[in-house]
Amino acid sequence: MSEAVITIRGLRKSYDELEAVKGIDLDVNAEEIFAVLGPNGAGKTTTVEILEGYRDRDAGEVSVLGVDPARPTPAWRERIGIVLQGTTLEPALTVRESLRQYAGYFREPRDVDEVIALVGLEEQANTRARKLSGGQQRRLDVGIALVGDPDLLFLDEPTTGFDPSARRQAWDMVAGLRELGKTVLLTTHYMDEAQALADRVAIIADGRIVAQDTPENLGDRRRLPSTITFHLAPGSDPSGIATLDGFRYTEAEDGGRMVTIQTHDAVEVLSRLTAWSLQRGIDLDQLEVRRPSLEDVYLELTES
Amino acid sequence: MRSVSLALHEFRFAQKVFWRNPASVFFTALLPVIFLVIFATIFGGDEIEELGGVKVTTYYIPAIVTLAVVSATMVNLAMNVTIAREEGLLKRGRGTPLPPWVFIVGRVGNAIVISAVMLVAVTLIGQLLYDSPIPWGRIPAVLVTLIVGASAFSCLGLAMTVIIPTREAASAITNAITLPLYFISGVFIPEDEIPDGVLSFANHFPVRDFFESFFTAYSPKTVGSGFEWGDLLVVAIWGLAGFLITLRYFRWTPRQ
């Protein structure tokens with residue numbers, strides 16, 4: 001289970017003067033969905049294209065399924081599936097024909113009808129690619145990458161430009177790949193996508209990995225404060241808690257106050273709040289504790 | 001063996017894609033026939049004294065076959081391979097176990113087969129509509145010219161993708177190269193109307209030599225087997241140059 005499918009050590013790549021990847025270390029384990037998250041121009045696609053065997057590198061050790069992708073072999077290509085950043089389909093071929101064409105390139109392809117079901121295009125099986133919606137085209141892209149029955153799948157920004165329902169469908173499909181036992185490396189610049197799909201996330205900014213962990217642990221309260229909010233009814237006197245660090249409030253519409261407390265120790269603050277509330281008999285209406293979201297972490301880490 | 005079946009697999013899909021593309025079908029299959037009918041109607045019945053009294057309609061059969069083969073190979077590949085490259089299809093294909101040359105062979109094979117279909121179609125139309133005899137005695141010369149020319153112009157089409165930067169530029173650049181060559185080579189205008197200096201200039205380029213080779217093979221005035229080895233050599237040298245340029249400079253990935 002924990003066999004490393006991808007190992008990267010000290011990866012570097014420059015284009016002329018511009019250093020796009022500035023020393024990356026990364027391990028992706030078998031059967032995990034791993035997200036590389038970062039803003040545009042952070043070095044995501046460069047890194048992934050090095051792993052896919054499209055680009056050479058300036059320095060570093062890279063192993064993908066035990067092979068150096070700078071020297072790809074046909075046997076290695078049998079085991080990987082690639083979805084490029086933009087949709088790449090032959091517009092004149094139908095869904096089934098496109099899948100048949102690519103299935104023919106592999107020695108042991110997956111059944112075409114099975115792939116059609118997997119990407120949810122049963123009703124469009126005989127529709128030409130040019131007539132598909134953007135979301136359907138992207139799912140056909142993923143189907144083409146799956147038709148060779150790869151062990152490792154690369155998805156470069158699979159949902160960029162999608163409307164919310166198309167994204168949701170694409171997410172369900174990617175989550176379904178977990179059941180097939182595939183290892184997936186996906187890049188995205190959407191925080192919620194990484195959070196929804198990935199077992200682990202690496203945040204990349206300006207050519208470096210700035211954080212790498214499970215989505216839950218990336219929102220680590222040691223790094224960013226949790227936020228406690230509640231509502232105080234009109235006339236309630238906040239003295240006794242107004243001295244807490246990070247205490248702020250705004251006037252609420254009903255004349256009361258919306259209180260926000262940012263703290264690194266939510267348990268301590270909560271216990272003082274509840275004690276105060278019980279003692280004074282003042283209700284902590286709409287009490288909510290929010291851990292920093294991946295988005296907060298992401299913004300903090302990628303701002304330079 | 002697997003390579004051969006893969007190449008056939010690619011060829012089948014290239015065929016499908018070609019016949020489903022209205023622009024390809026119009027420019028490659030229909031336009032040469034339309035030109036034949038127009039030219040034959042305008043100049044029909046005249047004879048060309050400089051060529052031993054060949055009827056103008058008979059002159060236009062090999063001329064239009066030349067046009068059709070160049071369209072099916074050089075123009076077709078220059079446009080469609082450029083588009084496939086810019087759309088990322090070539091890049092995607094390279095990410096599979098398919099050997100890259102199979103990808104190319106499937107498309108070149110498609111271009112050559114379409115050339116052969118067009119040659120047969122134009123020759124039959126000539127016989128049926130304009131009484132231009134099918135050159136039964138010189139079929140080997142016709143076929144050798146077809147194979148040498150279709151292969152050479154396919155290589156030149158692939159070489160042209162090297163200088164075509166974007167899909168928008170594909171049509172403009174191919175037309176800018178082919179249209180003047182058709183005019184100076186006697187494909188559109190009978191060669192007795194073209195100054196000798198222009199013709200001998202055109203002789204340096206493969207369209208003129210390819211056409212001359214077809215003309216000799218088709219002309220009922222030809223004595224002997226109808227092979228123009230000198231012209232075929234010029235065509236082959238151009239093809240080889242295209243092949244080497246393709247081998248050295250062909251790009252699989254879109255311009256960013």
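1. How many residues of chain B are in contact with chain A, and how many residues of chain A do they touch? In this predicted model, 16 residues of chain B are in contact with 18 residues of chain A.

2. On the side of chain B that touches chain A, the elements that give two or more residues are helix H1 (2-20) and helix H4 (89-94) of chain B, and the largest share, six residues, comes from H1(B). Sorted by class, this side of chain B has six nonpolar, five polar and five charged residues.

3. Turning to chain A, you can follow an open sheet of six strands, which lie in the order E5-E6-E7-E3-E8-E9 and whose pairing is mixed. Strand E5 (80-83) and strand E9 (208-213) of chain A are the edge strands, since each of them pairs on one side only. Direction ignored, neighbouring strands of this sheet are turned by 15 degrees against each other on average.

4. As background, strands of a sheet pair through backbone hydrogen bonds, and they do so either parallel or antiparallel.

5. A helix also belongs in this picture: helix H10 (residues 294-302) of chain A packs on the sheet, where it touches strand E3 (33-37), strand E8 (200-205) and E9 of chain A. The direction of H10 makes about 30 degrees with that of E8(A).

How values were computed. Residues numbered from 1 in each chain as written. Chains lettered and ligands numbered in written order. Predicted model: local features only at pLDDT ≥ 70, side-chain atom pairs only at ≥ 80, totals over all residues. Pairing = 2+ DSSP bridges. Helix = DSSP H or I, 4+ residues; strand = E, 2+ residues; numbered from the N terminus. Axes fitted to C-alpha atoms, helices over the stretch in contact; angles between N-to-C directions. Contact = placed C-beta atoms within 7 Å. Nonpolar A, V, L, I, M, F, W, Y, C, P; charged D, E, K, R; others polar.
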